[in-house]
Amino acid sequence: MSDWSKALSSFEGAAENMPTMTGNLGLQLEEPLIFEQGEDGRTGVDLPPVPKVGSKLGGLARKGKIGLPGLSEPQVVRHYTRLSQKNYAIDAGLYPLGSCTMKHNPRLNEKMARLAGFSDVHPLQPVSTVQGALELIDTLAHWLKTLTGMPAVAMSPAAGAHGELCGMMAIRAAIEAKGERRTRVLVPESAHGTNPATAAACGYTVDPIPANERGRVDIEAFRAKLGPDVAAVMITNPNTCGLFESEIIEIAELIHSVGGYFYCDGANFNAIVGRVRPGDLGVDAMHINLHKTFSTPHGGGGPGAGPVVLSEALAKFVPVPYVVHGKDGYSVVESEGAAEDGFGRLKAFHGQMGMFVRALTYMMSHGADGLRQVASDAVLNANYILACLKDEMSPAFDGPCMHEALFDDDFLKGTGVTTLDFAKAMIDEGYHPMTMYFPLVVHGALLIEPTETESKEAIDQFIAVLAGLAKKAKQGDQADWFKAAPRFTPRRRLDETAAARKPMLRWKPEEQSKDAAD
Amino acid sequence: MRYLPLTEADRRAMLAAIGVPSVDSLFRDVPESAWLKKPIDGLPDHMGELEVDRALSAMAAKSMTAGSVPFFVGGGAYKHHVPSSVDHLIQRGEFMTSYTPYQPEITQGTLQYLFEFQTQVALITGMDVANASMYDGSTAAAEAVVMANRVTRRNKAVLSGNLHPMYRAVIETHAKLLDFEAVTGRIEPKGASGGADDLIGKIDETTSCVVVQNPDFFGNLTDFTKLAEACQAKGALLIVAVTEIVSLGAVKSPGEMGADIVVAEGQSIGNALNFGGPYVGLFATKEKYVRQMPGRLAGQTVDAAGRRGWVLTLSTREQHIRREKATSNICTNSGLCALAFTIHMSLLGEDGFTRLAELNHAAAVTLAGKLAGVKGVEVLTDSFFNEFTVRLSKPAAEVVEALAAKNILAGIPVSRLIPGHDDLLVIAVTEVNTQADMDALAKGLSEVLS
């Protein structure tokens with residue numbers, strides 16, 4: 001089925017612009033889809049012959065081919081190695097994504113997660129045979145409760161947004177248990193998009209709270225929106241402008257005074273871990289992105305893990321399953337009937353065990369003393385960037401930031417260069433861009449998070465590059481230069497509009513050959 | 001603190017550049033009443049690599065691992081052999097330590113494998129399109145129901161009684177707190193075709209979808225073609241869940257039966273048991289529902305020089321654009337687990353995938369035949385893939401404990417998940433089970449049941 005010349009012909013349209021016949025540029029290699037390679041009858045695994053024992057498929061045997069290509073092991077290894085080389089990664093360089101926390105991913109975490117006692121155990125084995133795995137979950141739960149100052153934790157959410165769903169379900173269950181009906185959830189305009197989406201998914205109307213000129217929740221606007229129909233307020237703290245909500249205790253007291261709950265988006269917990277306990281601020285529910293604060297790798301988009309800590313008021317609504325420790329060791333409460341008030345089950349099985357092992361490994365490597373230093377260094381690094389770039393770029397707000405520094409695009413005004421162009425120029429200089437155009441409340445936002453695992457040297461070099469690009473943009477007449485970026489990547493700017501207009505979401509043999517004929 | 005590069009001299013220099021006397025002054029927006037003046041009590045201080053390794057290895061050693069004993073536990077998570085190159089490749093830092101591919105020019109590797117993943121999932125499920133993965137099979141099932149409610153503008157889901165009880169619980173939790181109704185059909189451990197008739201009787205003009213599983217929780221295989229027709233006649237969607245994706249190498253695909261949405265657990269291909277997660281949810285549907293689909297999608301396009309490339313696409317369905325109007329709140333996928341799936345599937349290819357499925361089925365047929373000859377065991381399932389249900393002459397939970405004491409992990413007592421079915425045991429067998437494993441189970445059962 002393979003035809004290399006056909007696969008490579010997808011580059012033909014661009015051939016006159018290409019310096020080589022193949023489209024390869026030295027070590028930067030073009031790589032066709034796996035479906036454009038291989039031969040029928042070839043395979044990358046050796047499996048024994050199938051014994052002749054008859055079939056009990058009840059007449060439902062699959063007929064006809066599936067259409068999967070046949071490749072050997074070395075072909076497959078080479079294919080995915082080549083694909084990997086087209087990716088930027090934290091292992092390759094600084095990854096200053098605000099709100100996403102791209103920090104060092106220790107390989108010890110990976111080694112521990114692959115210990116057979118964690119990776120090769122089944123969630124439905126007898127409880128007596130999984131005591132080590134349950135001990136790990138219980139130990140991690142203890143760390144999370146202690147670090148946040150909260151009495152209970154739900155371990156099963158599979159990601160941060162899944163944790164939000166869990167927390168909001170617990171809040172709704174608590175409200176319904178009181179026989180109340182509340183309809184509104186207050187969400188700041190600057191919130192992560194997952195917050196309003198979660199509140200809406202839980203059946204609530206989302207009521208936005210404006211930000212004040214200091215980048216925080218406008219407390220008077222917040223106060224004006226309070227009422228007996230408000231179920232909760234969802235606030236990220238430190239917020240998405242990289243700022244601590246200085247009136248957070250008052251906000252918590254206000255929402256409690258009308259019988260509502262305080263959901264805290266814990267995406268930025270790494271800024272305060274070991275220095276502030278959310279429980280002391282009046283939080284009722286907060287998810288913790290283990291992949292952000294506790295360094296489990298992002299994996300190109302996942303998997304994540306989002307345990308949710310709960311206050312006394314919500315503790316009894318914790319969903320199944322949860323681990324309990326008795327005199328005979330650990331056991332699991334996993335049936336809904338056994339958990340009296342729990343709101344149900346959010347996910348099959350016990351949660352993201354593989355992520356739990358990585359997170360606990362990281363916590364133990366840092367300890368209580370090191371985690372406190374994590375927050376201090378993350379905040380120091382971000383403020384250093386803010387201070388060093390305040391003259392070349394335009395900080396969105398005055399005063400110190402937490403773990404991320406936010407700029408607006410005022411410094412690009414009149415240059416013809418947009419935030420996007422600026423970001424693409426960073427790629428040519430060897431950097432992954434910062435978070436762009438978020439939070440929405442700041443025009444052309446550039447949100448930079450260095451994290452605590454970057455050295456001063458790495459940050460100084462990064463600052464020099466950003467300052468240089470800002471100077472270049474402000475020279476004038478540089479818009480075309482910026483708009484042509486990136487130039488040295490496997491692909492130049494990609495047409496996202498065309499992709500959305502006529503979606504091609506999978507390979508199809510007929511379309512590919514039609515393309516080649518065009 | 002080997003992960004923290006700043007020296008005391010660095011910190012002093014940086015504070016001077018900022019113009020503040022101490023790090024504490026950078027925390028001045030935090031109400032002082034909430035400041036912790038010293039490291040949190042009740043947790044140990046930092047440890048070296050060797051100490052952490054020792055502590056966690058000691059913990060890990062306290063569990064009985066699947067690879068160390070005859071192992072027959074399934075129920076939505078399966079022990080298979082994963083080729084060594086899979087884990088090696090996913091641990092390449094360029095895959096493992098990268099982020100969601102928002103900057104397509106420097107994430108073509110991730111985007112291309114997601115496109116390949118979507119293609120593989122569409123092909124094996126027999127559907128038009130698939131997304132770039134969900135958290136796991138159970139949450140994908142709940143998202144599918146929410147999508148069906150949105151597509152049909154109806155709010156009653158009909159769930160098969162033979163759907164995995166935990167999948168059922170996840171959907172029911174969503175129903176309770178997201179304002180839709182979920183009704184469940186009869187639980188029928190022996191044979192599911194009658195179950196399909198029962199479900200057909202429950203479909204009416206308020207039904208948004210019917211959710212079935214194939215093979216079902218008890219291992220039964222069913223042709224859902226008639227059910228699909230009944231759904232279509234009433235304007236409801238048919239959602240088929242597959243918890244053992246290897247089955248699709250041998251069994252007619254849900255797409256061929258007329259499914260509207262297929263959700264599946266992809267753990268079996270490329271991923272370890274991991275005590276329940278992380279796994280990889282598969283989600284596939286018909287072309288006409290693409291814009292209603294939750295989750296991430298990679299799509300083909302061209303770059304400024306006219307060359308083929310990939311981007312994340314149709315993001316206007318997503319929470320970062322539509323906020324409270326989004327198709328779901330999901331903003332992540334199981335990227336690395338999807339990569340493991342894709343690499344393993346690429347290694348298998350057409351021949352390997354088909355052969356792997358045949359080996360699994362043959363092993364199950366062999367074991368079922370062997371156990372049928374054991375006194376006190378009745379094999380209930382007539383047609384199955386690699387998992388089947390037996391009725392025992394003693395309570396299954398006790399039998400499983402007794403066999404665990406003999407270092408045999410015999411299967412799942414149904415009573416652990418569905419109260420009241422004390423004598424039923426669900427047994428899974430895959431290509432990793434040897435003849436000796438099967439002999440040990442048969443011998444163990446005959447000893448415990450005698």
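This is a predicted model: local features need pLDDT of at least 70, side-chain atom pairs count only at pLDDT 80 or more; totals for chains, interfaces and linings use all residues.
Residues are numbered from 1 along each chain as its sequence is written, chains are lettered from A and ligands numbered from 1 in the order in which they are written, and side-chain values use heavy atoms, with hydrogens and water left out.

**View 1. Chain A and its fold.** Chain A holds 18 helices and 13 strands (DSSP runs numbered from the N terminus: helices are H or I with at least four residues, strands E with at least two). Its radius of gyration, taken over C-alpha atoms, is 26 Å, close to the 24 Å from the globule rule for 518 residues, so chain A is as compact as a globular protein of that length (the rule is 2.2 Å times the number of residues to the power 0.38). Of these 518 residues, 65% are buried (buried means under 20% relative accessible area, exposed over 50%, partly exposed in between, with a 1.4 Å probe and protein chains only).

**View 2. Thr236(A) and its neighbours.** Look for Thr236(A) in strand S4 (residues 230–236) of chain A. Thr236(A) counts as buried because its relative accessibility is 5%. Leaving aside residues up to four places away in sequence, Thr236(A) touches His192(A), Asn195(A), Glu245(A), Asp265(A) and Asn268(A) (contact means heavy atoms within 4.5 Å).

**View 3. Where chain A meets chain B.**

View 4. Which residue of chain A does Asp179(B) meet in a salt bridge? The partner is Arg172(A), at 2.7 Å from N to O (a salt bridge is a side-chain nitrogen of Lys or Arg within 4 Å of a carboxyl oxygen of Asp or Glu).

**View 5. Lys483(A) with Asp421(A).** These side chains form a salt bridge of 2.5 Å, N to O. Lys483(A) sits in helix H16 (residues 479–483) and Asp421(A) in helix H14 (residues 419–428) of chain A, so the pair ties together parts that are 62 residues apart in sequence. Lys483(A) is partly exposed at 40% relative accessibility, whereas Asp421(A) is buried at 2%.

**View 6. Lys508(A) with Glu287(B).** The side chains of Lys508(A) and Glu287(B) meet in a salt bridge of 3.8 Å, N to O. Lys508(A) is in the loop between helix H17 (496–501) and helix H18 (509–517) of chain A, and Glu287(B) is in the loop between strand S7 (281–285) and strand S8 (298–302) of chain B, so this pair joins two chains. Lys508(A) is partly exposed at 21% relative accessibility, and Glu287(B) is partly exposed at 40%.
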